[in-house]
Amino acid sequence: MKARLVVVGNGMAGMRAVEELLKLAPEKYDITVFGNEPHPNYNRILLSPVLTGEKQFREIVLNDDAWYAEHGITLHKGREVTGIDRKSRKVVAKDGTIAAYDRLLLATGSNPFLLPVPGKDLPGVIGFRDFADVETMLTTAKQYRHAVVIGGGLLGLEAANGLMKQGMKVTVVHLPDVLMERQLDAPAAKMLKKSLEDRGLEFVLKGVTKEIIGKNRVQGVVLADGRELTADLVVMAVGIRPNIELARKAGLYCERGVVVSDTMQTYDPAIYAVGECVQHRGQTYGLVAPLFEQAKVCANHLAHFGIARYEGSLTSTKLKVTGIDLFSAGDFTGNDQTEEILLQDAGAGVYKKVVLKDNRIQGAVMYGDTMDGAWYFQLMRDGTDVSGMREKLLFGQAHLGDSGHGDIKLRVASMADSTEICGCNGVCKGAIVTAITGKKLFTLDEVRSHTKASSSCGSCTGLVEALLASTLGGDYSTTPKKKPMCPCTEHAHDDVRLAIRNQTLKTMPALFKALEWKTPDGCNKCRPALNFYLLVAWPGEYVDDNQSRFINERVHANIQKDGTYSVIPRIWGGETTPSELRSLAEIAEKYNVPTVHITGGQRIDFLGIPKETLPAIWGDLSEAGFVSGHAYGKAMRTVKTCVGKNWCRFGTQDSTTMGIDLEKMTWGTWTPHKFKLAVSGCPRNCAEATIKDFGVVCVDSGYELHIGGNGGVKVRATDFLCAVKTPDEVLEYCAAFLQVYREEAHYLERTAPWVERIGLAYIKQRVVEDAAGRKELAGRFRLSQKFAQVDPWAARAKGADKHEYIPLKRVG
Amino acid sequence: MSAVKMKTQSDWIEIGTLDDIPRQGARVVKRFDGDIAVFRTLDDSVFALRDKCPHKGGPLSQGIVHGNKVACPLHDWKINLDTGIAVEPDEGCAARFPVRLEGGKVFLSLTPEDGCPQGTA
């Protein structure tokens, strides 16, 4: 017998909870949904484009009637639930329909607040909440001329703009003297007002509504100062109040909203609540992202998984108000304890402000150019110390290092549909927009899985997010603060690393059990990460799990598009000898290597080697004195050098020997992502040390150490770490830096995003300022090398892991 | 039009033992007309698919095996081992081959199951 779930409310939050529940436990409940409105679930945020005429109502429906039928959900449209009998566990609708429940989900949303002024009940005075309101506005616009919108917040401005597009003469009356004061500061609001006035809207700021007058329908609005505004339609957009009447009548504890716990339960444990009707930890929410987070947690508990908690949401608002981009997050006003950095170009219609306290972002407000909103929000959530990037902060993320797409900030909304957004997967703007609207996508992850855009290298993520915001016409779901490692778990990377140490988890099965993994053996995302984390935590003890390594690392060569492999032997510091070259040439000829290529890492690459040939070719390379170049792994790759003092007239130190020594110390180590070094003999930097994870620039007085540089898709120049005097110090600082990276970064996080995430100040403290700590880190690195610095090719040439290289059987 | 082939005794061959296949891994049976990947999951079940990803022909045998799925090493498409069908929203399939375990020995049929139109080549 299935349990019965009754949902009161057919809006976005409630139906998202049902969708999430169906993903987790589709057979658990017989579901019945009651909705006041005579419609299936639709996207309320997109009522604005329906009002302006840009969209039709059917285009904004999220779950049509067929969807409910397909999932066996009984939908009672246009039936208002008027009572809940908690003792006998039943709900009763106005028309007498009764539904019994084992679990009840309240998702009654909110009601528009109607100013308690005389005349508020006259025909022609409405809120802006549902499709019925939009229909009234559209009909009225055809017959009448003047509209007054009371309330100059987001909703009021959208209503005003829509009515204006439908041909009405609109005046907006707003109590404060700053428009959208919840999201904007005074200068940004001023720019917004000017822009809207240029379009034909009129504003009365500091306007107090006294009375609405009219005979059989509304005819005017009278303000406290005596002014009278002609009005054939009055839209009240002065705020929303959680719709808690039903809950209160049923005896559930309510304050401003229905009070719920972190598991979205009300004081009656059989009754859950999500959405705008809810009050959680004193907060109510009116933006969609927090509501979707609540829905996910609620579904988790309804499915009896019992492991999710809603801890409240830190919200950012990225909006398109009447076609203008706005972004706001956190405390953007500041006080005498904070400071602000401002960029304003009124002529270009750009205003950006970041509020800082102790070098950490507290809030931001942006008008006109919001491309970096998500980045500021991330920095704010992570509490990153931004002192290292202060001068460039307001110019945006692309200016920290040159972005792979150049530093053009494109206005995605004005791009042609054929513009390629994702270079790795060849996805154009049109395809992404079609997927968002056609498949009702709301989040970055959904866009990734449906279109592949931003799912490979990720450098177009900012553009894809901008497309989401502009297509959805309002806010969209930002990812929660602590992102789970993968779909197998709710735990984030840092939590898992901590648990491995605290709970002494030394094998993957032990970890899966202790952390209640949702799958029996993980997935292709978490297993390689866990394998690495366990390896770093227990050097010499943890048994490396080959089956949890990506193919390249498993077979110690790079797979190519046709299933053959590339072989790159190590050439220390990029310096070789005639006899080495001769050996390589002979081996290449012996095996008929189709292509010999010189790599960016100053090595030689044999391409086109069949898998079965690998052990043999390695045997020959091994005999000639070569070891694996690890060009295929999340490992230390190369140390590039220039010729330095030995030959070059500008060389200040022996960069080549320094590079060789670094390579001899670090080869063989596994890292969160590929790790590249270089040593340049002077500041001319011929070895390009300043785009390396660890780069050394020799100077007359010693060695400058640089960290966190990346070439490739998103170029980032290094941060200067410090200067040291001796080669031994270079080795010690490098080992320490490598070890912090290995112990603390997330798997697949290159040093560049890692340094930006945790801040240069932290790394300086661990590696430069704390001398004793540095020595300990270096010591731990050397210990791990005792077990890791083993040539994988030699072992396999002698027959180890034979099964990887030969087929099980040959037939016919 | 496909001729219905009787799965005669001669279509089944012994390819090795269960232990020849790494757990959560695969081995390859090489054939002139296309390799077959033989998988072993965590619970010692065996599956066999054409060793060719429906996306761009990548070698499924080289992917990471998790649950009853494998992730293609080239572009990360996930393929269900029991059906050969790609995990949504990707679309496509790799042909399935009957495979069974008998007394620790693995037997494979060289005639693919029906149901994967592009997967027989």
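Visitor: How many residues of chain B are in contact with chain A?

Guide: Two residues are in contact if their C-beta atoms, placed from the backbone, lie within 7 Å. By that rule, 26 residues of chain B are in contact with 22 residues of chain A. This is a predicted model, in which local features need pLDDT of at least 70 and side-chain atom pairs count only at pLDDT 80 or more, while totals for chains, interfaces and linings use all residues. Residues are numbered from 1 along each chain as its sequence is written, and chains are lettered from A in the order in which they are written.

Visitor: Which element gives the largest share of the side of chain B that touches chain A?

Guide: Helices (H or I, at least four residues) and strands (E, at least two) are DSSP runs, numbered from the N terminus. Strands E1 (12–17), E2 (25–31) and E5 (64–66) of chain B each give two or more residues to that side. The largest share, 6 residues, comes from E2(B).

Visitor: Which strand of chain A is joined to E2(B) by bridges?

Guide: Two strands pair if DSSP finds at least two bridges between them. Here 3 bridges join E39 (residues 809–811) of chain A to E2(B), and the two run parallel. Within this pair, Lys809(A) stands opposite Val29(B).

Visitor: What is the strand order in the open sheet of 5 strands?

Guide: The order is E11-E18-E12-E13-E14 in chain A, with parallel pairing. E11 (125–126) and E14 (202–205) stand at the edges with a single partner strand each, so one side of each has no neighbour in the sheet. E11(A) pairs with E18 (residues 233–236) over 2 bridges, and Ile126(A) has Val235(A) as its bridge partner.

Visitor: Which strands does H5(A) lie across?

Guide: H5(A) lies across E12 (146–150), E13 (169–174) and E18 of chain A, at about 170° to E13(A). For such angles, axes are lines fitted to C-alpha atoms, for helices over the stretch in contact, and angles run from 0 to 180 degrees between N-to-C directions.

Visitor: Which residues touch the most other members of the largest nonpolar core?

Guide: A nonpolar core is a set of buried Ala, Val, Leu, Ile, Met, Phe, Trp, Tyr and Cys residues joined through C-beta atoms within 7 Å; buried means that 20 or more other C-beta atoms lie within 10 Å of a residue's own. Of the 66 residues in this core, Val149(A), Val234(A), Val235(A) and Ala364(A) touch the most other members. H5 (residues 154–165) of chain A gives the largest share, 7 residues.

How values were computed. Buried ≥ 20, exposed ≤ 12 C-beta atoms within 10 Å, placed from the backbone.
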